[in-house]
Amino acid sequence: MLRPTLFQAIALLTAGIMLAVSPAAAREAAYRRHVIGTLSSPTPAAVSGGLLLMGGGDRNLDAMRWFTAKAGHGHIVILRASQGPEIGEEFYRDVGGIQSAETFVFASRAAATDPKLLASLRKADGIFIAGGDQARYVRYWRGTPVAEILDAHVAAGKPLAGTSAGLAILGERLYGAMDDGSITSPEALAAPFGPANTIEGDFLHIALLKGIVTDTHFKERDRLGRLFAFVAKAQESLPADQPAMLGLGVDESAALAVEPDGTGRIYATEPGGGAWLVDGAALRGLDRRGPLDAPRIRVTGIDTNSLIHLPAGTIDRPSFVRHYAVRAGAVSEVPRWSLAIHGGAGVIERGTLTPDKERAYRAALDQALRAGGAVLDRGGPALDAVAAAVRVLEDNPLFNAGRGAVFTAEGRNELDAAIMDGKTLKAGAVAGITRTRHPIDLARAVMDHSPHVMLIGAGADRFSVEQKLEQVDPDWFRTEQRWQQLEAWRRNQQAAIDPTHLFGTVGAVALDADGNLAAATSTGGMTGKRWGRVGDSPIIGAGTYAKNGQCAVSATGSGEYFIRESAARQLCDRVAWHGESLADAARATIMAVGAIGGDGGLIAMGPDGQPAFAINDLGMYRGRMTAVSAPATAIFADERIGE
């Protein structure tokens, strides 16, 4: 008989070992099992449903006690894909009050069909999914009896808990981290619809988390931006007739305990620990190319005093309601409201104004900001706020609008104004009016109480009387300084009488608490104007424009050039169509006006509440104010107030 060679012997030995390993043993090798306590003990109390959503980090013992009470102080099964029995020991020894803790550590998908493991899961009074790598859970469990049992466990009114990755997999759709990494907020925002943002579906089907994407370690790891990206991609194919999806992020120091009726409360281990709810309404229908771009995303805070109702996502007593904007992949918080104003432009250098004159201008701007800010702070609309701010400037003879307006060649004051609502795109404008104390109010009346956009001259004056607006004698608008400017113009035929206030238009732009934009502009025009000349101020799209989600604009300068460039509308189109930032669009627009010979400036407000001020080689009387910042004013070109 021939002896086998060494290689043959090894092959025979290997085959023998393989034959000796039973299929059951192979399955058991796919997981490790750890038990503490007595599996045969009866469950002492009734079992009731609930979800415990834990943000990771240190154990939240109070929340875990809530969970064990829901499990009837019976038998807890812990599922994980790494490490060992630590959580089970913590449940049994530190939390206490349970009969047993049985831990299964998965090493492969094969474990998801093991009869013994599945039997333990079916009998569990409560199931706890540990942290680790959610990609393993998706790979090991999707489409297996484990996923079916988890769904059935919750449907049967038994409690389910998840922490860190164990929470991240519970929503209707989830970030699977399927590229074996963890995406950061900057990475997700840079390419929200790209392949690295691995959003998965058809995994678990938990009714209370329908329409929800979850995330963990939330504020500690700065994950708000990536949750925006998760929600955006998760609902990109959502039918239009379905409600927007929600994002739910939980801090490490918090756990959200949800009752079977969907009401949830926070358990926190540190002050300020809580959860964040992202409304996905503003994250639908976005451009799939390039970085995330969304102007106004509502985020609501949940703390220990709050009560959330799932899956609807309504919150009683929220800890905060904030709005965030994402522009070119960068996140910024939107102030509750924001206001910017201007009082005209000129060749203003330090030293050209006396200290008293400078103080007077700044005080007037401050007064106008406070008037508009008061409207916004009590929840009033942006339209009312811009009108309130402009009325203050119309009454101040320092400015070329209303009282203090310049004179025409015939020695008259002829006033122009416009206002526009960014929400509805309704607008009203007047030109050449002579008796309405506040021209901006007449423009508003045209918008609100007529089918027209612009009225001029005698007809506009007559409409003002019919609307019962305040009428004044034309002498109300007259000031001696403006009359002397006209006399100088008559002698020299020069339009530029006062270089420090070359263009005296006033205007305001605002964002209100509901996210609506508005713009208003008012002017006396230019000294010595003739033949019923009308500049850009009352022309919608030239000197005044507003559109929600894009911008609101009010301009001041040599109006003929602003008209030719459709400056106000151009600025908004640059934002909407070219993807330019508001500041870049403002600068480019004012340079376009300058390129054809025009001078002046403009102010703009974006949906993120950030204003832009652009000046074409001039100074500009200007100011800004927000819900969280006091009035700030500027005059000279080198001053910065959010520019």
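1. Helix α3 (residues 61-70) packs on helix α4 (residues 86-95) at an angle of about 95°, and their axes are 11 Å apart. The two are therefore roughly perpendicular to each other, since 65 to 115 degrees is the range for that label. Keep in mind as you read that this is a predicted model.

2. Which residues of α3 and α4 meet? From α3 come Leu61, Met64, Arg65, Phe67 and Thr68, and from α4 come Glu90, Phe91, Asp94 and Val95. By class, that contact splits into five nonpolar, one polar and three charged residues. On the α3 side, the spacing of Leu61, Met64, Arg65 and Thr68 is worth checking against the helix repeat. An α-helix has 3.6 residues a turn, so residues three or four places apart point the same way.

3. Phe67 and Phe91, which take part in the contact between α3 and α4, form one aromatic cluster together with Phe128.

4. The contact of α12 with α13 has six nonpolar and five charged residues, and no polar ones.

5. The model has 13 aromatic pairs. One of them is phenylalanine 106 with tryptophan 141, an edge-to-face pair at 5.4 Å centre to centre with 70° between the planes. Phenylalanine 106 sits in strand β4 (residues 100-106) and tryptophan 141 in helix α6 (residues 134-141), so the pair ties together parts that are 35 residues apart in sequence. Buried or exposed? Both phenylalanine 106 and tryptophan 141 are buried.

6. Tyrosine 361 and phenylalanine 399 have ring centres 5.6 Å apart and planes at 70°, so this pair is edge-to-face too. It links distant parts of the chain, 38 residues apart: tyrosine 361 belongs to helix α11 (residues 355-377), while phenylalanine 399 is in the loop between α12 and β20 (415-421). Tyrosine 361 counts as buried at 3% relative accessibility, and phenylalanine 399 is buried with a relative accessible area of 0%.

7. Two arginines lie over ring faces. Arginine 403 is over the face of tryptophan 476, at 4.3 Å from the ring centre. Arginine 564 is over the face of tyrosine 561, at 4.7 Å from the ring centre.

8. How many residues of helix α10 (residues 224-234) are buried? Eleven of its eleven residues are, so the helix is mostly covered, buried being under 20% relative accessible area. The list includes Leu224, Leu227, Phe228, Phe230 and Val231, but also Arg226 and Lys233. I'd look at those last two by eye.

9. Aspartate 222, in the loop between β9 (212-215) and α10, has a phi near 55°, a positive value in a residue other than glycine. Aspartate 222 counts as exposed, at 54% relative accessibility. Lysine 468 also has a positive phi, near 60°; its place is the loop between α14 (457-466) and α15 (480-492). At 74% relative accessibility, lysine 468 counts as exposed.

10. There is also a cis peptide bond to check: it runs from leucine 310 to proline 311, with omega near 5°. Proline 311 is in the loop between β15 (307-309) and β16 (314-316). For context, most residues other than glycine have a negative phi, and most peptide bonds are trans.

11. Finally, glutamine 550. This residue is in the loop between β25 (544-547) and β26 (551-557), yet counts as buried at 11% relative accessibility. What does glutamine 550 contact, leaving aside its neighbours within four places in sequence? The partners are Leu517, Cys572, Val575, Ala576, Met605, Gly606 and Pro607.

Definitions and conventions
Residues are numbered from 1 along each chain as its sequence is written. This is a predicted model: local features need pLDDT of at least 70, side-chain atom pairs count only at pLDDT 80 or more; totals for chains, interfaces and linings use all residues. Side-chain values use heavy atoms; hydrogens and water are left out. Ala, Val, Leu, Ile, Met, Phe, Trp, Tyr, Cys and Pro count as nonpolar, Asp, Glu, Lys and Arg as charged, and the others, Gly among them, as polar. Rings of Phe, Tyr and Trp (its six-membered ring) pair if their centres lie within 6.5 Å; planes under 30 degrees apart count as stacked, over 60 as edge-to-face and the rest as tilted. Helices (H or I, at least four residues) and strands (E, at least two) are DSSP runs, numbered from the N terminus. Buried means under 20% relative accessible area, exposed over 50%, partly exposed in between (1.4 Å probe, protein chains only). A charge sits over a ring if NZ of Lys or CZ of Arg is within 6 Å of the ring centre and within 35 degrees of the ring normal. Axes are lines fitted to C-alpha atoms, for helices over the stretch in contact, and angles run from 0 to 180 degrees between N-to-C directions. Angles under 35 degrees count as roughly parallel, over 145 as roughly antiparallel, 65 to 115 as roughly perpendicular and the rest as oblique. Contact means heavy atoms within 4.5 Å.
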